[in-house]
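Student: I have a structure open and some terms to sort out. Please take them in turn.

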Amino acid sequence: MDLLLFGPPGAGKGTQAKLLIEELGIPQLSTGDMMRAERASGSDLGKRFAEYMTQGLLVPDELVLELMEKVLSSDAAAKGAIFDGFPRTAPQAEALDAILAKLGRKIDRVVAIEVDLNVIIDRVTGRRVCKSCGQTYHLRYDPPPSDGVCTACGGEIYQRADDTEEKVRTRDSEYQAKTSAVLEHYDAKGVVVRIDGVGELPEVTDRIRAAIASK
Ligand code: AP5
């Protein structure tokens, strides 16, 4: 299955994707996580990503597609994937459809997670993330250990530089201006199910399961 978890920054895409990897038996492909890993490696490509990410702006399509084409042509996602944070523009959606079509696949379901901006700001400014495995915590809703060591892998927990209120507002504006077109693209194909993203984590997971199962 190829599943797209769609929604604004902080909607819970990454958190929910990680909860579903084992159950669905397919990997999570997060362009945000991949770009942060590339930046951490100190590569030239990572430096180009940083120019945009630190400002809360979208990375240009050609750089994103270069990254995703490599991943999708590898064995890692041969049986499908949970796409998280990609595609984020109409050209990215068209490119993804073309890559998947060559593999005899298509996006089977888009689950659009709906959350208001005020909730998003609260979630994103309270988020803490493991540098090694990407495990996500929240200072109030899912507190990280007080010693700052990830419970999943022992890695270091930190706050993303783009998780300030100012950057979240910029990221949300980018989402409204460029990313909402992706929903229209998949709405036209009849594969979108919208769900309420507010509630306890297991409740939201149940809504995603129901959305996947619905026709
Ligand atoms: P990316 O890393 O993809 O960030 P994002 O889409 O802005 O999404 P987030 O990771 O902020 O949020 P999320 O929805 O995964 O929420 P999470 O589960 O963590 O992208 C970062 C940047 O990279 C972009 O700005 C851009 O520059 C670049 N980029 C990436 N992909 C790109 C692309 N395709 N094209 C161009 N540029 C690209 O949850 C948030 C918090 O809320 C957590 O603390 C979590 O614990 C908490 N939480 C989650 N669910 C709940 C709940 N139900 N109740 C209470 N708390 C909850």
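Tutor: The axes of α2 and helix α4 (residues 61–72) come within 11 Å and cross at roughly 100 degrees. This is a predicted model, where local features need pLDDT of at least 70, side-chain atom pairs count only at pLDDT 80 or more, and totals for chains, interfaces and linings use all residues. Residues are numbered from 1 along each chain as its sequence is written, and side-chain values use heavy atoms, with hydrogens and water left out.

Student: Why are α2 and α4 called roughly perpendicular?

Tutor: Angles of 65 to 115 degrees count as roughly perpendicular. The crossing of α2 and α4 is roughly 100 degrees, so the two are roughly perpendicular to each other.

Student: Which residues of α2 and α4 meet?

Tutor: Contact means heavy atoms within 4.5 Å. Thr 31, Met 34 and Met 35 of α2 meet Val 64, Leu 67, Met 68 and Val 71 of α4. By class, this contact has six nonpolar, one polar and no charged residues.

Student: What makes a pocket a pocket?

Tutor: On a 1 Å grid over the protein atoms alone, a pocket is an open set of points with protein on both sides within 12 Å along at least five of seven lines; lining residues have an atom within 4 Å of a point. The second largest pocket holds about 400 Å³ of space. Its lining has 17 residues, and Asp 33, Arg 36, Ala 37, Lys 131 and Tyr 158 are the closest to its centre.

Student: Which element supplies the largest share of the lining of the second largest pocket?

Tutor: α2 does, with five residues.

Terms used:
On a 1 Å grid over the protein atoms alone, a cavity is a set of points where a 1.4 Å probe fits but cannot get out, and a pocket is an open set with protein on both sides within 12 Å along at least five of seven lines; lining residues have an atom within 4 Å of a point. Grid points are joined across faces, edges and corners, and a volume is the space filled by probe spheres set on the points. Helices (H or I, at least four residues) and strands (E, at least two) are DSSP runs, numbered from the N terminus. Axes are lines fitted to C-alpha atoms, for helices over the stretch in contact, and angles run from 0 to 180 degrees between N-to-C directions. Angles under 35 degrees count as roughly parallel, over 145 as roughly antiparallel, 65 to 115 as roughly perpendicular and the rest as oblique. Ala, Val, Leu, Ile, Met, Phe, Trp, Tyr, Cys and Pro count as nonpolar, Asp, Glu, Lys and Arg as charged, and the others, Gly among them, as polar.
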